[in-house]
Number of protein chains: 2
Amino acid sequence: MQPQPALIEELQHRLLEMGGLVETAIHDSMQALARKESETARQVVALEAVINRMEVENDSLILSLLGQPHPDPVELRFLTVAIKINHDLERMGDLAANNAQRALALMLEPPVKPLIDIPRMAQLAEMMVGQSLDAFVKRDAELARAVLANDDGVDGLRDSIYSELVRFMQEDSETVSRALSLLFVARNLERIADHATNIAEDVLFLVEGIDVRHHA
Amino acid sequence: MQPQPALIEELQHRLLEMGGLVETAIHDSMQALARKESETARQVVALEAVINRMEVENDSLILSLLGQPHPDPVELRFLTVAIKINHDLERMGDLAANNAQRALALMLEPPVKPLIDIPRMAQLAEMMVGQSLDAFVKRDAELARAVLANDDGVDGLRDSIYSELVRFMQEDSETVSRALSLLFVARNLERIADHATNIAEDVLFLVEGIDVRHHA
């Protein structure tokens, strides 16, 4: 008996649903930071628990699907890729929740500076998550490669955010603790983008059967 | 035909070998930092490429093993756990190499302070990696739980390292950039310990069939 296509479809549907929650978490954590919305930040923290639960449930579904014979190598690749995507999404949920918690702490403090590059970085990271999942559903190698290309934009933003915040810390010791929090927010966004890149690499493996990791 | 036990054994052997390289990378990156040994740091960076290659090869071996029928649910769990451990080890290699690169950059600068807590944190993280892999080979749930308990020690060290370095940055703006580098070294060690924790959780799932994630 082959794995039931309905279960494979359910798994894909669940991963997409989880991805939608992750995109919401990234978006809302940034809104909480930019507009000092404590209720929004708390919602992101609550969302993380939902995402965590989905990860555990999905892993269990994948394990049961793997227990059946897989005459189709593409289907088998799909399931191993699903294990990785499931984990990447959970990690992103965790990083977005961490940013929401930093937003909560920063709400009590005066702003270091107007936020410009950090929201741009968040927007780019969120777009990469959406694109990588879109590429996964459509088995679209070209779109997956577009995600890989976008990662350079994220790294460029990170570099300029870092140098600016370090300058603030050097010039006014009062800002050290707050600037450091923003620096960690940027670091978390960079890691979210890295996880989207992982998903895009997995899609390329799924579609083309080639492992592009570590060839950047 | 069942997966050949010889191949399963080879996979376990390869993961252990990879874990040994990761422990070396953690240890040597810290030695490079503490003793300003640039050659040691460069060796760690080179080691990362070896670890990356092993990840790709192991994934390919796991995929071929998964392609065979798995009447034994424990064997199937072993293979899905192997996918995760393989990835956690690769991540640790990446973080150790990042620390080696920071050690190289810091060699050109005067020290911020004598390093005491960071080497202790590295030692604890390295021990957790060794213990988690030992628990994996011996299917030892008790040892896996000991790894989970050690993670609190790592978090405690991180907190004291953070507050000390932030104080340095606030009191002497000359130290900001260097203290920030040390802060990221500590952050990387914390993440290495998190990956060891992941492995320990996977071992518990393998041995006891229960998913302990997100119940900390």
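User: How many salt bridges does the rule find across the interface of chain A and chain B?
Analyst: The rule finds 2 salt bridges there, a salt bridge being a side-chain nitrogen of Lys or Arg within 4 Å of a carboxyl oxygen of Asp or Glu. This is a predicted model, in which local features need pLDDT of at least 70 and side-chain atom pairs count only at pLDDT 80 or more, whereas totals for chains, interfaces and linings use all residues. Residues are numbered from 1 along each chain as its sequence is written, chains are lettered from A in the order in which they are written, and side-chain values use heavy atoms, with hydrogens and water left out.

User: Which residue forms a salt bridge with Asp59(B)?
Analyst: Lys84(A) does, and the closest N and O atoms of the pair are 2.6 Å apart.

User: OK, and how much area do the chains bury between them?
Analyst: Chain A and chain B bury about 2900 Å², with 67% of it on carbon and sulfur atoms; buried area is the accessible area (1.4 Å probe) that two parts lose on being put together, summed over both. Leu63(A), Phe184(A) and His214(A) supply 19% of the area that chain A buries against chain B, more than any other three residues.
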